[in-house]
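Try each task before you read its solution.

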Amino acid sequence: MLEAVKISKEFPGVKVLNQVDFKFYPGKVNAILGENGAGKSTLLKILTGVYNEYDGEIKLNGEIVTFSNIKEAQNAGIAIIHQELNLIPELSVTENLFLGREIITPLGLLDTNKMEAEAKIIFEKIQLNVAPKTLVQKLKVGEQQLIEIAKALLCNADIILMDEPTSALSDNEIENLHRIIQELKIEGKTIVYISHKMDELFRIAEHYTVLRDGNTIDAGEMKNTTEQDLIRKMVGRDVLIEKKNTANQFLTTILKVKDLNLINPVVKNRKILQDISFELKKGEILGIFGLMGAGRTELLETIFGIHPTNSVCELEIDGKKVYHKKPKDAINNGLAFVTEDRKTEGLILGMDISSNISLSTLPTFGILNDSSSKNSAKEYIQKLSIKTPSETQLCQNLSGGNQQKVVLAKWLVTNPKILILDEPTRGIDINAKNEIYNLIKELAANDMSIILASSEIPEILALSDRILVMAEGKLKDSFLAAEATEDKLLKSALPQ
Amino acid sequence: MTISFNHPIIKKSQSLIALFLLCLFISLLSDKFMTSTNLWNVLRQISVNVCISTGMTLVVLMAGIDLSVGSILGLSAAICAGLLKTGLSLESMNLFVGFTVLGGIITALLVGLALGLFNGWVITKFSIPPFVATLAMLTIGRGLTMLYTEGIPISNLGSSFESIGSGWILGIPIPVWISLIMVLIVVFLTKKTTFGRYIYAIGGNEKAAFLSGININKIKLAVYGIAGMMAAVGGILVTSRLNSAQPNAGMSYELDSIAAVVIGGTSLSGGVGRVTGTVIGAIIIGVLNNGLVLLDVSPFWQQVVKGIVILLAVIIDKMNQKNK
């Protein structure tokens with residue numbers, strides 16, 4: 001049995017796990033439930049040795065164990081199958097299977113025959129019908145997932161962690177995966193299963209643990225609970241952020257998106273986004289909610305002109321047809337895009353605040369006007385209360401919340417008509433969060449139109465006038481603020 | 001009292017201190033080093049690398065690399081010399097165009113610019129890594145130079161052209177003036193223009209720069225164009241100094257140029273660095289070359305020493321970053 005006692009993990013400024021307890025039983029499927037940000041992935045990283053600094057104890061069969069790296073966790077029999085698969089597409093299935101633990105001949109050369117023979121045996125066991133020499137890039141996602149499971153079996157893992165294993169699988173593939181899981185259970189393996197799909201959990205899981213905001217909320221047996229009950233435990237919060245109840249009527253349409261489709265650049269016949277149409281009104285805050293992989297970010301990116309070759313859509317801004325071939329076009333049409341990841345997409349971390357803020361407004365060739373960009377930086381430092389000694393501070397020295405404010409400032413100086421926000425408060429503390437919420441409300445009150453995409457339901461409910469729910473690349477539902485509740489949103493966002 | 005080596009002023013002027021120590025060391029071992037003839041001579045030699053390396057700095061700041069500068073230097077120098085010597089004759093049209101010194105120089109600059117722009121076009125249009133694109137240009141350029149010169153140096157280009165490389169203005173060699181002007185132009189570009197700001201932005205985080213609406217391709221095109229033109233300036237200086245365009249002029253100059261950029265503290269991963277640092281880097285390499293010659297070190301050992309200096313410079317730079 002794998003057991004955790006009072007596990008806590010802190011990152012600078014944020015407590016991600018707070019005295020979490022759980023027990024995973026052998027021969028059973030143990031489900032972990034929780035919203036995005038509940039601490040599931042941090043927990044997995046601790047169990048697999050990625051994070052080795054934490055408080056609390058992990059016990060394996062009653063003994064306290066510590067893993068200082070991934071290898072040690074593997075040696076203890078813990079394997080993980082990540083949501084994003086970690087296979088090397090250019091190598092064959094056998095080469096991937098034995099990566100890092102190749103079988104060698106007495107002369108020290110690769111023993112290809114033996115490895116392929118062993119691969120065959122394992123593939124038969126999991127009913128994977130693939131020749132050992134096949135390149136991984138030729139496999140379907142479901143088959144690739146089975147390769148990962150084969151890897152786990154190959155190193156004799158007793159405990160197999162699966163992080164959203166079915167998010168990219170077809171129905172048949174899911175059936176097959178569940179059948180294999182059943183067999184592994186009979187062999188006495190411990191399966192830890194993370195999924196948002198409730199029906200799936202009720203079908204295969206015996207035990208559950210619910211995490212919320214880094215705390216263990218509840219644990220028990222699946223047969224003693226209901227879907228309603230679990231959803232309530234996942235979303236229920238002690239401190240409820242106040243829900244917005246607008247009676248505002250928004251009349252003027254500012255942005256019209258019609259029949260937006262985005263094709264997967266790798267697998268051409270698979271659509272990432274399918275037939276999405278909606279309107280944004282002037283002064284409105286339009287929330288877009290969806291679970292991980294629903295396509296929120298891709299939708300925003302497509303509108304902003306980041307995927308011109310793989311997408312088709314009709315855009316109208318202020319009644320005029322527009323075409324965004326690159327971000328510059330979108331910016332010129334009055335759009336601004338605060339991206340999800342401020343570190344890799346939002347900021348030039350090695351540059352100072354003032355240079356970052358002026359980045360979107362400068363002409364390609366021109367003389368820099370340092371005093372004017374410094375003045376506008378100063379203005380926004382004050383307006384958004386960015387905590388920094390001066391506008392010449394490098395962005396890499398700022399805290400997450402302040403970095404996010406710099407990104408916001410960078411876009412506000414362009415004086416946009418439409419502000420697109422993708423997870424605007426991810427990973428920042430509650431104070432900065434509230435400041436950003438107030439800013440968003442104030443901007444909308446001054447007639448700026450805002451698209452707010454988020455995976456946090458309370459955030460969506462606190463700000464939006466209207467909420468669109470996405471699942472699996474499609475628009476599922478549309479709610480007015482007054483009729484939306486946490487349950488309704490989550491239910492609608494769960495993939496079928 | 002202790003002086004910490006981590007003091008910011010010492011850190012900032014590290015390469016300057018290294019240069020000073022190097023000069024001190026050489027002058028202690030050889031009394032020929034600290035003579036005005038020798039020093040002007042060194043500076044005159046260095047000015048070629050300074051020109052090439054200022055262009056290279058822009059490329060490296062953008063997290064790119066340009067391996068073709070030596071070949072671009074060679075080809076633009078050869079064309080310049082060829083036009084000065086024999087002009088351009090189109091026999092089929094019974095046309096002959098003679099070239100003045102200025103005409104030859106402008107043509108050379110345009111050749112450098114065109115080859116550099118071609119590099120930039122290949123890199124941006126086909127998303128080819130700069131290393132590969134400019135490696136191809138390295139051999140193409142050298143091959144074209146050999147074809148154009150038929151492997152024979154083009155010499156005796158006239159006294160007015162020769163004076164560019166060997167003349168003096170106000171007691172300072174003309175090549176030093178020219179490289180100084182080039183440096184000032186590029187310093188101005190990097191510090192005072194949006195173009196320079198974007199070079200740093202692209203090197204710092206290309207994705208964020210793109211999402212900010214910066215026209216990345218245009219900037220890249222311009223930077224490789226400038227790098228090509230700077231190589232042509234170097235080509236003019238070399239050719240006029242020798243009063244002859246050698247078919248293998250500029251061969252392996254890209255290495256000294258990259259070395260100068262790196263020793264000057266510009267990060268090969270882009271976004272961090274200064275043109276003035278590169279100038280000091282180029283001077284360090286030049287002084288080192290000169291000193292090793294004065295000290296009668298064999299040319300083979302010179303290469304070994306140069307390599308070690310480059311390694312040391314980068315290692316010290318890395319250690320500084322860690323201490324931050």
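Domain bounds here come from an automatic or database domain assignment. Keep in mind that this is a predicted model.

**Exercise 1.** Find the domains of chain A: what are their bounds, and how far apart do their C-alpha centres lie?

*Solution.* Start with the assignment: domain 1 of chain A covers 2–235, and domain 2 covers 253–493.

**Exercise 2.** Take strand 3 of chain A (residues 29–33) and work out how many of its residues are buried.

*Solution.* Count neighbours first: a residue is buried if 20 or more other C-beta atoms lie within 10 Å of its own. By that test, 5 of the 5 residues in strand 3 of chain A are buried.

**Exercise 3.** Which strands pair with strand 3 of chain A, and in what sense?

*Solution.* One partner is strand 8 of chain A (residues 190–194), parallel over 4 bridges. In that pairing, Val29(A) stands opposite Ile191(A). Another partner is strand 9 of chain A (residues 207–212), also parallel over 4 bridges. There, Ala31(A) stands opposite Tyr208(A).

**Exercise 4.** Describe where chain A touches chain B.

*Solution.* Count the contacts: 23 residues of chain A meet 20 residues of chain B. Then look for helices on the chain A side: helix 10 (327–332) and helix 11 (342–346) each supply at least two residues. Finally, sort that side by class: 13 nonpolar, 8 polar and 2 charged residues.

Definitions and conventions:
Residues numbered from 1 in each chain as written. Chains lettered and ligands numbered in written order. Predicted model: local features only at pLDDT ≥ 70, side-chain atom pairs only at ≥ 80, totals over all residues. Contact = placed C-beta atoms within 7 Å. Nonpolar A, V, L, I, M, F, W, Y, C, P; charged D, E, K, R; others polar. Buried ≥ 20, exposed ≤ 12 C-beta atoms within 10 Å, placed from the backbone. Pairing = 2+ DSSP bridges.
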